[in-house]
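The entries below keep to what I looked up.

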Amino acid sequence: MEPKVIRGRDLKRDEFEKALKVEYHPEARYAWDAGYAVGKFLEGLKQGKILGVRCRRCRRILVPPRAFCELCFVPIDEWLELKDTGTVNTFSISYVSMDVKRLEEPEIPAVIEIDGASPGVGILHKLGEVDDPKNVKIGMKVKAVWKPEKERTGAITDILYFKPLEE
Amino acid sequence: MGLNIKHKVAVVGAGMSNVMRRAEETGRELSFYAVKEALKNSGLTIEDVECVVMATAPDAFDGVHMKGEYLADGAGAFRKPYMRSYVGGGSGVFAIIHGWYMVASGMFKTCLVVAEEKMSSAQPHPQAAFNSIYDHTLERPLGVNLLWIFALEMNRYMSVHKIPLEDIALVSVKNKRNGLDHPCTQVGAEVTVKEVLESEIMAWPVHRLMVSPTSDAAAAIVIARDDIARRVSEQPVWIKGVGWNLDTAFWTNRDLYYPDYVEKAARMAYEMAGITNPRKEIHVVEPYDPFAYKELHHLEGLLLADRGKAPELLKKGVFDRDGELPSCPSGGLLGVGNPIAAAGLMKVCEIFWQLRGEAGKRQVKNNPKTGLAQAWGDLMQVGTVVILSVN
């Protein structure tokens, strides 16, 4: 008779703690070059500007900028300054951190359609200066709140967050 | 798309391990079990298997680089042509597509398709491994977490169609209940809409009971060319159509309310299968349900419901096991568990069992002849579809 094949046994948390195991704590480090298009975008952020690009073929105005249009598959070389205001396309109210710990104050990530870009074209960022997260709405107008000029490093975090714009 | 396909291909066996939060076994051991189960009633032995396709998701979960190679022995691939298939969560169904063309092309007569995931190795939680899917320069510095992108998509879907949260909670209720009848379940349960809505808010509108768990498991299927399949199997389950599609990684530039890439993948599979009216011709479906809203979102992308109307059909009971179009009769990722790559292949296994009338307590009531399994993955990006049939 063939020996039995194990179907899988679910360990309880305390069993797992006691189970024989080997641990590994890698310290992985990377340095990512921003590349041509995003590099130029980051230089813009450092100067307090949101830069976009326009594809000469489909005429879409895009942000984040890219060196080529994925739709037309042609290079893009036309740059323009967009506004630092926009519209909330969608948002969440997040109560967990990146490693699933509970947050005391929720974060409000959002996709923000940037004014001056083609409709529906947005970037991921966060909302701030929100009195009550329950009042955040899709379609709400928002404006970038920038780091003081001296503290900017040429990073997406040079924009601290977007705040609701009084109409 | 030219459809000059050389051979008809069938699934002749399916098997899977238990789905668990923390398996005592290694991924290799779980794979071995799933393969043994799949071969058991297939009429084929490991010696008959000419090539192997393996699906397993990020290496970072296990901290094992080139995990495909590490798992190969458990997948029965010793000294065989072996290939790893990987498109994130879409991998489980992507793998059967690879297995299909290994045989359809005329290259091999048989193929073993295996999918494995061991998420519990990542400490303290595999969530951190997921964060590296986001753009390293423009998104990760914001302190992203994986839930964000689902919450953003779910909110967009709900807002565009004005879908109340209660309707989405019903998916969790249905799938967790279905999961109770699955012998491998990790998270089958009887829950109410109220309990789902009162469960902890993770990232609004996503509540804890709307999220599938992290899981360890393996699943496998055996694929054979038509002449072999007819000889070894009393009831081959034919692979009638396959489709896959990848959308742009610039996910903040497209409207997340509708998964166009799933529709494209589905249309490709329907065309190949000769299906012109999927709502009549598909009898049982296993759409990918890592989050409650996603089952509805995918049913719409698969053209099995009008845009924004899947919740109404759900409320009417259309997607129940005894409904007109049973959806996730296995319990799916919400009701069984979500071992990433294995979750997709688990859905293929379920369609195989349903079409052969072997699903036991989970058997749907409409005597299904044709079924569809779908998986999804990456930055709201990939759709993978397979259509199986006993006709």
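**Ground rules.** I worked with a predicted model, in which local features need pLDDT of at least 70 and side-chain atom pairs count only at pLDDT 80 or more, while totals for chains, interfaces and linings use all residues. Residues are numbered from 1 along each chain as its sequence is written, chains are lettered from A and ligands numbered from 1 in the order in which they are written, and side-chain values use heavy atoms, with hydrogens and water left out.

**Extent of the interface.** I looked up the contact (heavy atoms within 4.5 Å) and noted 50 residues from chain A and 49 residues from chain B. The two chains bury about 4,400 Å² between them, with 61% of it on carbon and sulfur atoms; buried area here is the accessible area, taken with a 1.4 Å probe, that two parts lose on being put together, summed over both. On the chain B side, B:Arg22, B:Leu138 and B:Leu142 lose the most area to chain A, together 17% of what that side buries.

**Polar links.** I recorded 23 residue pairs in polar contact between chain B and chain A, both residues being at pLDDT 80 or more. A polar contact is a pair of N or O atoms within 3.5 Å; within protein, one must be able to donate a hydrogen and the other to accept it, and residues adjacent in sequence count only if both atoms are side-chain atoms. I also recorded 2 salt bridges between the chains, each being a side-chain nitrogen of Lys or Arg within 4 Å of a carboxyl oxygen of Asp or Glu. One of them joins the side chains of A:Arg9 and B:Glu24, at 3.0 Å from N to O.

I found strand E5 of chain A (residues 93–96) paired with E5(B) in the antiparallel sense over 2 bridges, where strands are DSSP runs of at least two residues, numbered from the N terminus, and two strands pair if DSSP finds at least two bridges between them. The bridge partner of A:Ser94 in E5(B) is B:Ala203.

**Sheet in chain A.** I then traced an open sheet of 3 strands in chain A, in the order E2-E1-E3 and with antiparallel pairing. Strands E2 (61–62) and E3 (78–82) of chain A stand at the edges with a single partner strand each, so one side of each is left without a neighbour in the sheet. Strand E1 of chain A (residues 50–54) pairs with E2(A) over 2 bridges, and A:Arg54 stands opposite A:Ile61 in E2(A).

Conventions
Helix = DSSP H or I, 4+ residues; strand = E, 2+ residues; numbered from the N terminus.
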